[in-house]
Amino acid sequence: MKSLICEKPYQLNYIEQDMPKVQPHELLVKVASVGICGTDIHAYTGKQPFFSYPRVLGHELCGTVCETGAQVDETFVIGDKVALIPYVACYECPSCKSGKTNCCENISVIGVHQDGGFCEYITVPQTNVLKVNGVDNATAALIEPFAISAHSIRRADIKLGEAVLVVGAGPIGLGAAAIAAADGANVVVADTQKERRDHVTSELQLPTLNPMDEDFHVQLQALFGGTLAQTVIDATGNPHAMNNAVNHIRHGGKIVFVGLFKGNLEISDPDFHKKETTLMGSRNATQEDFSKVQQLMTKGLLTANMMLTHSFEFETIGTIYEEQVVNNKELLKGVINFA
Ligand SMILES: [Zn+2]
Ligand SMILES: [Zn+2]
């Protein structure tokens with residue numbers, strides 16, 4: 001079978017590999033579509049910390065079951081379409097024991113710490129896939145970024161009618177906005193880039209604002225019936241935006257940081273305190289978040305077009321990766337399709 005391997009930074013090569021052997025608890029999956037994540041770009045440019053080469057990238061994928069291991073139960077049959085849960089938790093650390101497998105101290109991610117889906121076939125434990133029969137390939141492949149978004153919404157414990165401001169209309173922000181809206185929240189999306197605001201208008205049909213506007217808070221209050229946001233989901237990973245989040249919430253409000261940056265936050269403590277702010281981080285996703293996304297996808301409430309801007313073919317992606325993925329300023333989310 002053909003694999004696309006990242007030998008070292010700036011070097012992607014197609015190689016012929018033996019078909020992986022199915023272990024008793026595993027499924028053999030013929031890959032149909034793989035999403036391209038920021039991690040896959042940072043690994044290519046050598047900017048992914050603690051990353052080891054060579055590595056087959058790709059952790060956002062869906063495909064078809066073509067062989068089942070001896071111990072796989074009958075819920076999975078050959079021909080099922082499945083989407084990957086790429087997180088392999090240890091189930092032994094304190095975090096896992098408290099149910100927070102998403103922030104396992106020893107987490108391993110398929111496609112990051114072990115070989116992933118930029119290849120024709122992959123074996124995965126039965127516990128690391130969800131059935132997505134009836135969901136189109138591009139949508140199913142994006143289950144992981146949508147699950148990260150879903151986790152941030154679950155962290156915030158968003159209620160029907162809640163005034164939610166999503167800051168940052170990258171893939172995770174778009175997913176968060178779509179899921180909050182599906183949950184019945186009153187959602188506004190803020191992004192400094194006009195192209196991204198236009199994407200929100202056309203693909204999510206949600207109101208947008210430019211946070212650089214001088215009267216941003218006036219506009220925000222107008223959209224929320226006269227008050228600031230009850231909840232801010234920040235998906236920017238931008239220090240300026242994150243330091244500013246406390247200014248967008250009303251007294252008693254919540255902030256969830258799902259985007260991250262390398263550095264220190266600097267938040268006005270009087271503002272933080274007077275509002276009795278609840279501030280949370282959000283990392284990865286749990287089985288529960290993946291299941292929620294699976295259900296929303298099955299109902300047609302989450303679709304690839306909400307994030308997706310570019311589609312590529314597996315046969316050619318290796319040669320155009322740098323030009324059309326890494327250096328493509330217009331790329332919001334891309335998927336690679338297999339023949
Ligand atoms: Zn990802
Ligand atoms: Zn653990």
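Reader: How far apart do the C-alpha centres of domain 1 and domain 2 lie?

Author: They lie 29 Å apart. The domain assignment gives domain 1 as 2-142 + 308-337 and domain 2 as 148-281. These bounds come from an automatic or database domain assignment. This is a predicted model: local features need pLDDT of at least 70, side-chain atom pairs count only at pLDDT 80 or more, and totals for chains, interfaces and linings use all residues. Residues are numbered from 1 along each chain as its sequence is written, while chains are lettered from A and ligands numbered from 1 in the order in which they are written.

Reader: How do I read helix packing? At what angle do helix 4 and helix 5 cross?

Author: Two packed helices are described by the angle between their axes and the distance between the axes. Here the axes of helix 4 (residues 143-156) and helix 5 (residues 171-182) come within 8 Å and cross at roughly 60°. That makes helix 4 oblique to helix 5. Under 35 degrees counts as roughly parallel, over 145 as roughly antiparallel, 65 to 115 as roughly perpendicular, and the rest as oblique. Axes are lines fitted to C-alpha atoms, for helices over the stretch in contact, and angles run from 0 to 180 degrees between N-to-C directions. Helices (H or I, at least four residues) and strands (E, at least two) are DSSP runs, numbered from the N terminus.

Reader: Which residues in helix 4 and helix 5 meet?

Author: On helix 4, P145, F146, I148, S149, A150, S152 and I153 take part; on helix 5, P171, I172, G175, A176, I179 and A180. Contact needs C-beta atoms, placed from the backbone, within 7 Å. The residues of this contact are ten nonpolar, three polar and no charged. Ala, Val, Leu, Ile, Met, Phe, Trp, Tyr, Cys and Pro count as nonpolar, Asp, Glu, Lys and Arg as charged, and the others, Gly among them, as polar.

Reader: At what angle do helix 4 and helix 10 pack?

Author: Helix 10 (residues 287-298) packs on helix 4 at about 110°, with the axes 8 Å apart. The two are therefore roughly perpendicular. From helix 4, I143, F146, A147, A150, H151 and R154 meet D289, F290, K292, V293 and Q294 in helix 10. This contact divides into six nonpolar, two polar and three charged residues.

Reader: Now the sheet. What is the order of the six strands?

Author: Strands of a sheet pair through backbone hydrogen bonds, either parallel or antiparallel. This open sheet runs 12-11-10-13-14-15, with parallel pairing. Pairing takes at least two DSSP bridges between the strands. Strand 12 (208-209) and strand 15 (278-281) are the edges, each pairing on one side only. Helix 4 packs on the sheet, touching strand 13 (229-234), strand 14 (249-257) and strand 15, and its direction makes about 150° with that of strand 14. Strand 10 (residues 163-167) and strand 11 (residues 186-190) are joined by five bridges. L165 has V188 as its bridge partner in strand 11.

Reader: In which sense do strand 1 and strand 2 pair?

Author: Antiparallel, over six bridges, between strand 1 (residues 2-8) and strand 2 (residues 11-16). L4 stands opposite Y14.

Key. Contact = placed C-beta atoms within 7 Å.
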